[in-house]
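Q: Hey, can you walk me through this one? I'm new to it.

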Amino acid sequence: MFAEFLNIIFKSIKLDKTLYSDSKNFGEAAIYFAGLIMILDGVAGAVAANTVVKTAIGMSGLTAILTWFIWAIFIYVIGVKLFPDKQTKVPFKKVLIAVGFAHAPGLIRFFALTPELMIPIIFLTQFWIFAGLIISTKQILNLKSNFKSFGIVFLSFLIIAFLSISFVMSRMNALPINSI
């Protein structure tokens, strides 16, 4: 079972599209593997960030799980409900698993042990994850176009970024700094 988990991670890091087309990778344990990848991705991000800013590791794992669901929901709604191809019939669970698998390159953040390595590694892994999401979306949704897959992932990213910025800005108004 551990060998299967490592195989999924290595295929994701290699951006191997067969990871998403092989049904054996979506068996019973797949949802647990995807969830574990997301938790480890969150912890790796916290480890990388701890070189500069102190981050709660447990909170990072929970945030990663929340992020996983949000990414999957937006990719599912945009790719399956709003702009599907004719052959796009996929359950939400499969999209959720694929999004989790696509985040495996984020595990490389464990190697950002110094502040000098943090920015380049985080920058590289974010683009790597984005590429993995594009490949997984194309394969899972049976899309013919890489451009359409890119559009679905990019639109999802824009919505998530907008919601995140809106949330942070609304919290900044609640800070006691306003009384200074």
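Q: Which exposed residues sit on the face of H1 turned away from its buried side?
A: That face carries Phe2 and Ala3. Exposed means over 50% relative accessible area, buried under 20%, and partly exposed in between, with a 1.4 Å probe and protein chains only. Bear in mind that this is a predicted model, where local features need pLDDT of at least 70, side-chain atom pairs count only at pLDDT 80 or more, and totals for chains, interfaces and linings use all residues. Residues are numbered from 1 along each chain as its sequence is written, and side-chain values use heavy atoms, leaving out hydrogens and water.

Q: And which residues of H1 are buried?
A: Phe5, Ile8, Ile9, Lys11 and Ser12. They lie on the same side of H1, because they cover an arc of only 165 degrees around the axis (taken from the directions from the helix axis to the C-beta atoms).

Q: What covers them?
A: The cover includes helix H2 (18-21), helix H3 (30-49) and helix H5 (92-102); contact here means heavy atoms within 4.5 Å.

Q: What comes after H1?
A: Leucine 15 follows H1, and its phi is positive, near 55 degrees.

Q: New topic: where is phenylalanine 154, and how exposed is it?
A: Phenylalanine 154 is in helix H7. Its relative accessibility is 34%, so phenylalanine 154 counts as partly exposed.

Q: Back to H1, how many residues does it have?
A: Helix H1 has twelve, residues 2-13. From first C-alpha to last, H1 reaches 17 Å, close to the 16 Å expected at 1.5 Å a residue (1.5 Å times one less than the number of residues). Helices are DSSP runs of H or I, at least four residues, numbered from the N terminus.

Notes:
Helices (H or I, at least four residues) and strands (E, at least two) are DSSP runs, numbered from the N terminus.
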